[in-house]
Amino acid sequence: MPSGTISREALAALPIQRYQGTVSLVATPATLAQAMADIRQEGVVGFDTETRPAFRKGERHLPCLVQIATAAAVYLFQLQRVDCSDALAEILAAPDIVKAGVALGHDLRQLKQLFPFEAASVLDLGLVARRHGLEQTGLRNLAGLYLAFRIPKGTRTSNWAVPNLSAAQISYAATDAWASRELYLCFQRLGMID
């Protein structure tokens with residue numbers, strides 16, 4: 001098991017890794033149906049959200065993108081393009097699908113302001129890492145420690161509310177959800193998940 005920290009220099013020396021698989025933008029009823037068919041078959045998915053950044057004091061925005069990674073693909077749910085609330089509520093409440101990610105408490109509180117749901121089988125990987133004595137519990141540090149790659153940060157503060165996401169935004173969003181799923185599988189192999 002890795003030590004509890006990774007230096008900035010050690011992280012910077014790791015190879016950059018981006019998700020290379022299939023990415024599906026869920027922006028129509030047909031793509032929503034395809035995404036749900038795949039996700040319902042999974043036992044664990046990587047989960048994340050993106051929110052338009054706020055640059056003024058007191059300004060806040062709610063999530064406009066939900067990312068869910070399966071073994072086959074990463075699905076990007078564009079919340080302002082198609083009503084995904086019932087589908088996402090179903091996924092979040094499904095007891096037989098683990099939703100794995102980092103700092104999910106905040107994401108879930110924000111999503112509850114958009115639609116009602118009762119979350120089940122949500123696993124915050126940062127909390128798992130903390131329980132095992134790790135000091136750095138963010139996704140990028142954990143990916144460096146356990147997966148031996150670096151996740152680029154480039155488009156984190158871009159406008160996620162735009163109707164047409166850029167290739168860089170799609171890559172960034174897909175990578176975060178995929179890395180969360182990979183980290184869960186790694187923690188599971190190491191016996192870190194009860």
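This is a predicted model: local features need pLDDT of at least 70, side-chain atom pairs count only at pLDDT 80 or more; totals for chains, interfaces and linings use all residues.
Contact here means heavy atoms within 4.5 Å. Asp176 counts as buried because its relative accessibility is 3%, and the cut-off for buried is under 20%. Setting aside neighbours within four places in sequence, Asp176 is in contact with Asp48, Glu50, Gln67, Leu139, Arg140 and Ile151.

Next comes the sheet. Six strands make up an open sheet with mixed pairing, and their order is E1-E4-E3-E2-E5-E6. E1 and strand E6 (122-124) are the edge strands; each has a single partner strand, so one side of each goes without a neighbour in the sheet. From one strand to the next, the twist averages 25 degrees. E3 and E4 run antiparallel and are joined by five bridges; Leu65, for instance, has Gln78 in E4 as its bridge partner.

What about the nonpolar side chains? In soluble globular proteins, such side chains tend to be buried together. In this model, the largest nonpolar core has 40 residues, of which Val74, Leu125, Leu142, Tyr146, Leu183 and Phe187 touch the most other members. Two or more residues come from each of E3, E4, strand E5 (98-101), helix H5 (125-131), helix H6 (139-147) and helix H7 (167-189). H7 is the top contributor to this core, giving eleven residues. Leu142 shows what the packing looks like up close: beyond its neighbours within four places in sequence, its contacts include Val102, Leu125, Ala129, Leu134, Leu183 and Phe187. There is also a second, separate core, this one of 27 residues, with Ala73, Leu88, Leu92 and Phe115 among them.

Finally, helix H2 (residues 29-39) has Thr31, Leu32, Ala35, Met36, Asp38 and Ile39 as its buried residues. These cover an arc of only 160 degrees around the axis, so they lie on the same side of H2. The face turned away from that buried side carries the exposed residues Pro29, Ala30 and Gln34. As for what covers the buried residues of H2, the list includes strands E1 (22-26), E2 (44-51), E3 (63-69) and E4 (73-78), along with helix H3 (85-93).

How values were computed: Residues are numbered from 1 along each chain as its sequence is written. Side-chain values use heavy atoms; hydrogens and water are left out. Buried means under 20% relative accessible area, exposed over 50%, partly exposed in between (1.4 Å probe, protein chains only). Helices (H or I, at least four residues) and strands (E, at least two) are DSSP runs, numbered from the N terminus. The arc is that of the directions from the helix axis to the C-beta atoms. A nonpolar core is a set of buried Ala, Val, Leu, Ile, Met, Phe, Trp, Tyr and Cys residues joined through side-chain atoms within 4.5 Å. Two strands pair if DSSP finds at least two bridges between them. Axes are lines fitted to C-alpha atoms, for helices over the stretch in contact, and angles run from 0 to 180 degrees between N-to-C directions.
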